[in-house]
Protein chains: 2
Amino acid sequence: MSAVMADEGKTLGDLGEREVIRRLAKLVPSRDDVALGIGDDAAVVTTGRHGPDLLITTDPLIAGIHFDAAARPQQIGHKAIGRTFSDIAAMGGEPLWTAVNLVAPAATGVAVVEGIYEGLSALADRYDVAVVGGDLAEGPVLEVHVFTVGQVGRGSAVTRAGARPGDVLFVTGELGGSRSGKHLDFEPRIAEGLWLREAEWATAMIDVTDGLATDLRHILEASGVGADIEWASLPVARALQGEADAVPRAMTDGEDFELLFVVHPDRAAALESLWPESFETRCTRIGVITAEKGELFGVHESGARASCGARGFEHFGR
Amino acid sequence: MSAVMADEGKTLGDLGEREVIRRLAKLVPSRDDVALGIGDDAAVVTTGRHGPDLLITTDPLIAGIHFDAAARPQQIGHKAIGRTFSDIAAMGGEPLWTAVNLVAPAATGVAVVEGIYEGLSALADRYDVAVVGGDLAEGPVLEVHVFTVGQVGRGSAVTRAGARPGDVLFVTGELGGSRSGKHLDFEPRIAEGLWLREAEWATAMIDVTDGLATDLRHILEASGVGADIEWASLPVARALQGEADAVPRAMTDGEDFELLFVVHPDRAAALESLWPESFETRCTRIGVITAEKGELFGVHESGARASCGARGFEHFGR
């Protein structure tokens, strides 16, 4: 029996989200103007001879998976559009235009749908983004699918693939505690992402959506490197401080929507001194890129170094 | 009690899809570079000083609403992406890049999801469109949300608003019978839409998704005009010929994905003579635009003229 045959009858739950996406990405056609397709925070396509590159990203937000009954409609809208803005920020880009597919049961109150639009419109307005498309369809549960197009200087998008051994790892804001509410009212780090790209501080970047451990592994895989994280340096969210599992939760909670990025070692100190002049958001040095391909280690204050097997959130429960 | 108060507690089912979208469209922010926002087949945004305009459109495809258990995965993928291509075609544009959000229960077979991607990839490949984004999320039913970006010459997108009294109404292909399978394997009229726009034949255009009667009304509303349709001229689908309700079904079945457009009366005969040199697809003169704002009449072979109240498909059952 061939390997292909052996997979017949397998479900999404059997294989897991990332393995399925890896397979689907092999099936799709590309074009010469696609600089980066499926597999980073956003796709990058080139325009014209001198135009900027466009960034294209989509995110689904589904009741019972990404939010629960306690979420206010404005928060649902904020999170739905904010996730796409965070993707654009992680490429060092600027969001411009958004379209929305809203799915809802017929019995949904119009006020709920209007509340969702108020939430997403408020965030769009804050970053001068136009909501140019809106479709509405009937379905079994409330869902908001947001599609955002952004731009970035030609050839200058910051991908996951630029990390080199010796580079210093930084993360914005605080980690962990998304379940205590942050995942519904985070601020996408658009200004920070633009700043990090414009002066070429960040040479690899991702936004933390599935937990620091998982998202850092994406950088390690794309760049062919490893990393050492200093446990004591992690900017643990206030809600977690003093908790026995604060460090593992900061590594795996997910939906922090902070930027995780690397900077050349010669420029790391300059970044640390200039950052506070531009931003109130924290920016913390948390570790270093190593040549140990695919290896993620946690370094204790004692100097003890242990392989980090922690995994973040993945759909379909794997 | 104010009008606003009176609406409190109303559901999507109470108001219907189009009224809700009308309300939502008032809540969203715009930008100076948005030439056309929510309300046409696709949004139009301008780029740079000399670049082409971009077209942005989204369509949801939901199990139980847009397809049923008899649909093959390849057909689901074809329809999901084809709907967005049809939107781009109706603006006279060319699709370039697509992103897909796929929602499915964890028990869905990987082969189903791969089949959907095969179907959408085949159509994308035929029109040289790149699939640049693909997200996958868990949800209660199978759904495919497709977002497509296309382009059109600067300022040249064909909207719904350009119809003038005296213009001749045309429709491509055949109407009705979508339920007998056409809605799953239609060909988006991309080449036809490009041709109609490039030589400025079409001055208003829409694709027939909710039934000719409903979609024609969108042109009438946007253009501030009326229309007379010659019943006998309608290109009724072969599957309906001889049926007693063939004409009403051709007017209202929906999901024909044909182009409905108007041409200046001085050029209508030239269009009819040139069309067959370029296309095998039929193109049929079906009526004329009138100055009777918002009025849609059917004209019988006897010359009898009757107001046409027929409505096409609308979500949430109104």
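The largest cavity is lined by A:Ile21, A:Leu24, A:Ala25, A:Ile38, B:Tyr117, B:Gly134, B:Asp135 and B:Leu136. The model is a predicted one, in which local features need pLDDT of at least 70, side-chain atom pairs count only at pLDDT 80 or more, and totals for chains, interfaces and linings use all residues. Residues are numbered from 1 along each chain as its sequence is written, chains are lettered from A and ligands numbered from 1 in the order in which they are written, and side-chain values use heavy atoms, with hydrogens and water left out.

A cavity is, on a 1 Å grid over the protein atoms alone, a set of points where a 1.4 Å probe fits but cannot get out; a pocket is an open set with protein on both sides within 12 Å along at least five of seven lines, and lining residues have an atom within 4 Å of a point. One cavity of 30 Å³ or more was found in a search of the whole structure. The volume of the largest cavity is about 40 Å³, where a volume is the space filled by probe spheres set on the points, and grid points are joined across faces, edges and corners. H3 of chain A and E5 of chain B each supply at least two residues of its lining; helices (H or I, at least four residues) and strands (E, at least two) are DSSP runs numbered from the N terminus. Six residues of this lining are nonpolar, one is polar and one is charged. In this division Ala, Val, Leu, Ile, Met, Phe, Trp, Tyr, Cys and Pro count as nonpolar, Asp, Glu, Lys and Arg as charged, and the others, Gly among them, as polar.

The second largest pocket holds about 940 Å³ of space. Of the 42 residues that line this pocket, A:Ile21, A:Gly39, A:Asp40, A:Arg160 and B:Asp135 lie nearest its centre. Strand E5 (130–138) of chain B is among the elements that each supply at least two lining residues, as are helix H3 (17–25) and helix H4 (73–90) of chain A. E5(B) gives the largest share of the lining, six residues. The lining of the second largest pocket comprises 17 nonpolar, ten polar and 15 charged residues.

Chain A is superposed on chain B by a rotation of 180° with 0.0 Å of shift along its axis (RMSD 0.0 Å). The two copies are thus related as by a two-fold rotation axis; the superposition is by least squares on the C-alpha atoms of residues with pLDDT of at least 70 in both. Because 99% of the interface residues of chain A are also interface residues in chain B, the copies meet through the same surface.

In chain A, an open sheet of six strands with mixed pairing has the order E1-E2-E3-E6-E4-E5; two strands pair if DSSP finds at least two bridges between them. Its edge strands, E1 (34–36) and E5 (130–138) of chain A, each pair on one side only. From one strand to the next the twist averages 20°. E1(A) pairs with strand E2 (residues 43–45) of chain A in the antiparallel sense over two bridges, and A:Leu36 stands opposite A:Val44 in E2(A). Helix H5 (residues 110–126) of chain A lies across E4, E5 and E6 of chain A, at about 170° to E4(A). Such angles run from 0 to 180 degrees between N-to-C directions, with axes fitted as lines to C-alpha atoms, for helices over the stretch in contact; contact means heavy atoms within 4.5 Å.

In chain B, an open sheet of seven strands, also with mixed pairing, has the order E8-E10-E7-E11-E9-E12-E13. Helix H7 (residues 190–198) of chain B lies across E8 and E10 of chain B, running at about 15° to E10(B).
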